[in-house]
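Reader: I would like to learn how to read a metal site, a strand and a few charged pairs from a model. Please take them in turn.

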Amino acid sequence: MKYYKITAIISILILIIAGFCFYIYQKPSNGLLILEYHKVNDIDNDEYTIPVKDFTAQLDYLSAEGYTTISLMDFIHAKKYGEKLPAKPIILTFDDGYEDNFTNVAPIVNKHNMKATFFIIGNYINKKDYINWAQLKQLQNDNIEIGCHTANHLPLTTLSAAQIQNEVKLSKLLMEWNGLKTIFFFSYPNGMYNNTAIQALQQNNYLAAVTGDPGLNTFSTNPYLLQRTYIPRERFSLLGLKLRILKSKLFYYFHINQH
Ligand SMILES: [Zn+2]
């Protein structure tokens with residue numbers, strides 16, 4: 001076959017794939033997107049840190065695209081009572097409980113009239129660079145949803161059943177005994193889970209948990225294995241965000257590892 005024919009065929013294939021991806025990206029779906037962030041500041045330079053300007057631009061973009069932030073409680077409530085979610089529902093989650101979640105994330109989220117969920121590591125509260133008790137209480141009063149990210153951030157799949165119970169139970173009790181409102185939601189350290197962990201969550205009255213598995217969520221998704229889209233620091237942060245959302249939509253569309 002002549003060279004130009006091969007080039008033409010490859011070009012057409014690329015166009016078809018790009019067109020399909022664009023179609024999937026734009027296609028309205030009832031699926032709930034859950035984004036996974038960690039830190040937002042202009043000091044750290046690691047993959048878990050989004051610069052303040054980039055984070056603001058990402059929220060501007062999500063607003064302009066018509067996304068409505070909800071809380072995990074909104075989702076579980078709507079599921080239980082068969083209510084409709086907003087047209088493009090999204091949950092913004094932040095893992096590990098860094099202090100910048102209080103100083104940077106909450107003000108930017110509030111300014112956008114959005115909601116957010118922070119997953120806190122119980123034994124890291126009050127440590128340097130981590131959120132403290134007074135900040136946590138203020139956040140709950142300011143309508144930030146607080147969830148649990150274990151007591152010590154150990155991957156649950158490496159622990160015994162008794163150790164998993166401790167990590168899941170003690171961190172929840174610690175936060176509730178220190179005056180926070182009841183904790184209903186959980187995030188698996190390093191996104192690692194197994195059946196023992198899910199059972200421990202159910203036994204300790206958690207209503208839902210988020211993984212690190214990309215995809216979208218519906219009312220039929222296992223609430224203890226909610227799909228979540230990881231948003232790391234990227235050179236072109238808005239393009240990165242769009243590609244990550246596209247990946248989740250493709251995984252959902254093709255039923256790849258959807259719970
Ligand atoms: Zn974590």
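Author: What follows goes from the metal site to the strand and then to the charged pairs. This is a predicted model, in which local features need pLDDT of at least 70, side-chain atom pairs count only at pLDDT 80 or more, and totals for chains, interfaces and linings use all residues. Residues are numbered from 1 along each chain as its sequence is written, and side-chain values use heavy atoms, with hydrogens and water left out.

Reader: Which residues coordinate the zinc ion?

Author: Donors are N, O and S atoms within 2.8 Å of the metal (3.2 Å for Na, K and Ca); water is not among the atoms, so sites may look incomplete. Here the zinc ion is coordinated by D96 through OD and by H149 and H153 through NE2, at 2.1 Å. Along the chain, the donors have the spacing D-x52-H-x3-H.

Reader: Which side chains make polar contacts with D96?

Author: A polar contact is a pair of N or O atoms within 3.5 Å; within protein, one must be able to donate a hydrogen and the other to accept it, and residues adjacent in sequence count only if both atoms are side-chain atoms. The side chain of D96 has such a contact with that of H149 at 2.9 Å, and another with that of H153 at 3.2 Å. For contact in general, the criterion is heavy atoms within 4.5 Å. Leaving aside neighbours within four places in sequence, D96 is in contact with residues including H38, F119 and Y130.

Reader: What is the nearest side chain of opposite charge to D96?

Author: For charge, Lys and Arg count as positive and Asp and Glu as negative; His and the chain ends are not counted. A salt bridge is a side-chain nitrogen of Lys or Arg within 4 Å of a carboxyl oxygen of Asp or Glu. D96 is buried and has no salt bridge; R228, the nearest side chain of opposite charge, is 7.8 Å away.

Reader: Where does D96 lie, and how does that strand pair?

Author: Helices (H or I, at least four residues) and strands (E, at least two) are DSSP runs, numbered from the N terminus. Two strands pair if DSSP finds at least two bridges between them. D96 is in strand β5, residues 89-96. Strand β1 (residues 33-37) pairs with β5 in the parallel sense over 5 bridges, and E36 stands opposite T93. β5 also runs parallel to β6 (residues 117-120), with 4 bridges, and D96 is opposite I120 there. Because 8 of the 8 residues of β5 are buried, the strand is largely enclosed by the rest of the structure.

Reader: How many salt bridges does the structure hold?

Author: There are 9. In one of them, K115 pairs with D74, the closest N and O atoms being 2.6 Å apart. This pair links distant parts of the chain, 41 residues apart: K115 is in the loop between α4 (99-111) and β6, and D74 is in helix α3. K115 is partly exposed at 29%, as is D74 at 27%. Another salt bridge joins E176 and K172 at 2.9 Å; these residues are 4 apart in helix α6, so about one helical turn separates them.

How values were computed: Buried means under 20% relative accessible area, exposed over 50%, partly exposed in between (1.4 Å probe, protein chains only).
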